[in-house]
Amino acid sequence: MNTLNISLLQADLSWENPKENLSFFSSQIEQISNDVDLIVLPEMFTTGFSMNASKLAEEVNGNTVNWMKDIAKTKNSSVVGSVIITEENQYYNRLFFVFPSGEFEYYDKKHTFTLAKEHETYSSGTQKLLVEYKGWKICPLICYDLRFPVWARNVEDYDLLLYVASWPEKRISAWDALLKARAIENMSYTIGVNRIGKDGNDYAYVGHSIIVDCLGEALSKEKNETAEIISVQIHKNTQEEVRNKLGFLKDRDKFSIL
């Protein structure tokens, strides 16, 4: 497919309340057009950014992933978001990319947020995920990963870079700047989906969810701070034309991650 119809859901999450959050997102997703290809939810979209994993963690075959499967099948769209998962006596901040078929791939957040002591609760992932979907190669990452450009480096020639986040208001200017930087340096459409409202620790979030093109130009409203559905259509051939014309990816330096 040359085009991809994407909807981002920017929301005020109910603290540590999966039932209420799933009900809210179900009602919001019902409003999205049936021609949507990809629905993107924030980081830990059922709970907020909580360290209370022992209470909130689910199995991979638990309620939230099954809900994502149902939504994906009903809307005939892929659904993306991160969830608190328990597996082999460890906890993960795990992003699921669920296909319309109900099958899924997942990514465990590599850069756990040490300032909030996320590393003391959640195990870090070690593998980057590249998803093939409708002819697009998509790289999904999580929140704090945004600060680490080598991890997002486009050595695989992906077409779309995607971040789900709970990025606080105090550092929202960094969010705005880094999303555009990642898009520009990787010559890739880049999505950032953030939450709004306050969490149970009284941290404030103001959203600023956005889709930008490979030159860092916004394709959706910038600095939006209300609960809303942001829908944009992106075009693969437009990006390929820019990449071929400018050739910046051909001049990439080589890095290795130990």
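Q: Which residues are linked with Lys 109 in a network of salt bridges?
A: The model under discussion is a predicted one. It holds 14 salt bridges, and in one of these Glu 43 pairs with Lys 109, their closest N and O atoms being 3.0 Å apart. A network of salt bridges links Lys 109 with Glu 43 and Glu 118.

Q: How many residues apart in sequence are the parts that Glu 43 and Lys 109 tie together?
A: Glu 43 is buried at a relative accessible area of 0%, and Lys 109 is buried at 1%. Glu 43 belongs to the loop between β2 (38–40) and α2 (53–56), whereas Lys 109 belongs to the loop between β5 and β6. The pair therefore ties together parts whose separation in sequence is 66 residues.

Q: In which strands do the salt-bridge partners Asp 108 and Arg 94 lie?
A: The closest N and O atoms of Asp 108 and Arg 94 are 2.6 Å apart, and the two residues form a salt bridge. Both Asp 108 and Arg 94 are buried. The pair ties together parts 14 residues apart in sequence, because Asp 108 lies in strand β5 and Arg 94 in strand β4.

Q: What is the phi of Glu 88, a residue that is not a glycine?
A: Glu 88 is found in the loop between β3 (78–87) and β4 (90–98). With 70% relative accessibility, Glu 88 counts as exposed. Its phi is positive, at about 50 degrees.

Q: Which strands stand at the edges of the open six-stranded sheet?
A: The strand order in this sheet is β5-β4-β3-β2-β1-β13, with mixed pairing. Neighbouring strands are turned by 30 degrees against each other on average, direction ignored. Two strands have a single partner each, so one side of each is left without a neighbour in the sheet: β5 (104–108) and β13 (228–235).

Q: Which residue of β13 is the bridge partner of Ile 6?
A: Strand β1 (residues 3–10) and β13 run antiparallel and are joined by eight bridges. In β13, the partner of Ile 6 is Val 232.

Q: Why is strand β7 largely enclosed by the rest of the structure?
A: β7 is joined to β6 by three antiparallel bridges, and it pairs with β8 in the parallel sense over five bridges. Strand β7 (residues 136–142) is largely enclosed because, of its seven residues, the number buried is six.

Q: Which residue of β9 is the bridge partner of Val 164?
A: The open five-stranded sheet has the order β6-β7-β8-β9-β12. Val 164 of β8 is the bridge partner of Ile 142. Five bridges also join β8 (residues 160–164) to β9 (residues 189–193), and the two strands run parallel. In β9, the partner of Val 164 is Val 193.

Q: What angle does the direction of α5 make with that of β9?
A: Helix α5 packs on the sheet and touches β8, β9 and β12. The angle between its direction and that of β9 is about 155 degrees.

Key. Residues numbered from 1 in each chain as written. Predicted model: local features only at pLDDT ≥ 70, side-chain atom pairs only at ≥ 80, totals over all residues. Heavy atoms only, no water. Pairing = 2+ DSSP bridges. Helix = DSSP H or I, 4+ residues; strand = E, 2+ residues; numbered from the N terminus. Contact = heavy atoms within 4.5 Å. Axes fitted to C-alpha atoms, helices over the stretch in contact; angles between N-to-C directions. Buried < 20%, exposed > 50% of the residue type's maximum accessible area, 1.4 Å probe, protein only. Salt bridge = Lys/Arg side-chain N within 4 Å of Asp/Glu carboxyl O.
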